[in-house]
Amino acid sequence: MADLATEPIVYSFTDHRDYHRESPVIIAEGDGIRVRDTAGKEYIDALSGLWHANLGFSDAELIAAATSAYAKLPAFACALGRTSAETELLARELIAAAGGSFRSVYFATSGSEAVESVVKFLWLAANTSGTPSRKLVVTRDSGFHGTTLGAGSLAGIPSQHNGFDLPLPFTVRVPRVHFYRDHVDGETADEYVDRIVRTTRERIEEAGPENVAAMIAEPVMAAGGVLVPPDGYWPAMGRLLADLGIPLVSDEVVCGFGRLGHLFGHQRFGLEPAAVTTAKGITGGYAPLGAVLLGPELTAAVAAAADRHGVLGHGSTFGGHPVAAAIARANLRALHERRLFARVAELEASLRTSLDGLLDLPAVGEVRCIGGLAAVELMADGAARRPFDPARRIGRRVAASARERGLIVRDLGDVIALCPPLITSPSEVAEIASTLRAAITATLDEEA
Ligand SMILES: Cc1ncc(COP(=O)(O)O)c(C=O)c1O
């Protein structure tokens, strides 16, 4: 038992009421997809830390890259016209690997900072290109884009705003894409997509497309519930944004670096974003690094703004840290040389097979899988799409029961989210699914 008042850490994204029931998990070491706590208990981490340790917890190449970078140049900044050799090479390699769509990279230290930066760049671009009204950013219900003032404002999750005086008034909120929960009875996936794309158009038109800087969206929403869009969604959204003249910022803090089976998440859907924000898996999670990839228009606008003001008044000490950059370069090499994109296709197939096996449980309403992301949506009556009473905290209790059984997952309300390391084998996926089955069954048996 622990008590928040005596804990030395303010735990983020944690329901602090749980301190009265259970102690924090304190991890001492990791090996492959497993971690061990200070009491010696072992867990499969089916969330890859916080959606970021994509190559597991003991990758020899990433560790070697870090060690040798520390020996060569343990500290430098990417500012004042100077940077480290590793950081410069990483920028070139990212632009080349993206296949010609992007011209420059801005380095940050986190996903929130990358998102915050892209919003500032969009505003800078609006102010320098004679369209100063273009300051609104379109964002979706259930979206998660970080927690700083700007990035947190873009969230479509109430807990990110409650008590923080957010959102700041620069967002236009449009529907999420969650066919299973949000379609009306009898509506097909195509009809549902038509409806939410129509609502998206209406909301943007109410705000005035001439006032909109961009839309930000994850190719697949992760923290919003692992929401896999129906096939027609992104093509229809692409047409809508082109029609309204609104650029897309693809937030790939989770979806980048192999998570959807491609280097970048937007490639899975054939999207052409004006910018990409990324972090987390860019270093396999082994060091903090965020990045914004900027297309030609934004690159030119930021350069013009810097010219006009004499300096680009935005930056940070640790963005593009040389050791993080060296690890990110090793991660890029690993993704290609170890054929990890093909491995993610296999992971997707084994997640699908193993988790679909849970659909015989009455409490499992839907299973969603794409690349190395999956969700099991728990419902009081799955067929009738009747949710559990939130007061029962079923998802929270299933996650706690899984944890007791040596499995780390994330409860997002009554959605159990899985984001296992990309190296997870089919037999490990089967183990994850059978432990999750035991956790769901035991939680519901408790109530029977
Ligand atoms: C899509 C998305 N954007 C941004 C962020 C913020 O990243 P960070 O936690 O590195 O600030 C997250 C974090 O989970 C995310 O999932």
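## Cysteines

The count of disulfides in this structure comes to zero, and the model is a predicted one. A disulfide is a covalent bond between the sulfur atoms of two cysteines. For Cys255, the closest cysteine sulfur is that of Cys419, at 9.0 Å. A disulfide is counted for sulfur atoms within 2.5 Å, so the separation between Cys255 and Cys419 is too far for a bond.

Two cysteines can be described by their accessibility. Cys255 has a relative accessible area of 0% and is buried. Cys78 is partly exposed, its relative accessible area being 32%.

## The seven-stranded sheet

Seven strands make up an open sheet, in the order S4-S10-S9-S8-S7-S5-S6, and their pairing is mixed. At the edges stand S4 (104-108) and S6 (171-174); each has a single partner strand, so one side of each is left without a neighbour in the sheet. From one strand to the next, the twist averages 20°. Strands of a sheet pair through backbone hydrogen bonds, either parallel or antiparallel.

Helix H3 (residues 85-97) lies across S4 and S10, and runs at about 130° to S4. Ala85 is found in this helix. With a relative accessibility of 55%, Ala85 counts as exposed. Ala85 and Leu73 are twelve residues apart along the chain, and their C-alpha atoms are separated by 9.3 Å.

Strand S9 covers residues 275-278. Ala275 and Thr277 point one way from S9, Val276 and Thr278 point the other way, and all of them are buried.

S9 runs parallel to strand S8 (residues 248-251), and three bridges join the two. Within this part of the sheet, Asp251 has Thr277 in S9 as its bridge partner. With strand S10 (residues 290-294), S9 pairs in the antiparallel sense, over four bridges. Here Thr278 has Ala291 in S10 as its bridge partner.

## Strands S5, S6 and S7

Strand S5 (residues 136-140) and strand S7 (residues 212-217) run parallel and are joined by three bridges. Leu136 stands opposite Val212 of S7. S5 also runs parallel to S6, with four bridges joining them. In that pairing, Val138 stands opposite Val172 of S6.

The side chains alternate along S6.

## His161 in a loop

His161 is placed in the loop between helix H5 (149-153) and S6. Its relative accessibility is 10%, and His161 counts as buried.

## Around the ligand

The residues around the ligand are Ser110, Gly111, Ser112, Phe144, His145, Gly146, Glu218, Asp251, Val253, Val254 and Lys280. Asp251, listed here around the ligand, is the residue whose bridge partner in S9 is Thr277.

- Ser112: an N or O atom in the side chain is 2.6 Å from an oxygen atom of the ligand.
- Lys280: an N or O atom in the side chain is 3.0 Å from an oxygen atom of the ligand.

## The four-stranded sheet

Another open sheet consists of four strands in the order S1-S2-S3-S13, again with mixed pairing. S1 (27-31) and S13 (407-408) stand at the edges of this sheet; each has a single partner strand, so one side of each is left without a neighbour in the sheet.

Strand S3 (residues 42-45) pairs with S13 in the parallel sense, over two bridges. Ile44 has Leu407 in S13 as its bridge partner.

Definitions and conventions:
Residues numbered from 1 in each chain as written. Predicted model: local features only at pLDDT ≥ 70, side-chain atom pairs only at ≥ 80, totals over all residues. Heavy atoms only, no water. Buried < 20%, exposed > 50% of the residue type's maximum accessible area, 1.4 Å probe, protein only. Pairing = 2+ DSSP bridges. Axes fitted to C-alpha atoms, helices over the stretch in contact; angles between N-to-C directions. Contact = heavy atoms within 4.5 Å. Near = heavy atom within 4 Å. Polar contact = N/O pair within 3.5 Å; in protein donor to acceptor, adjacent residues only side chain to side chain.
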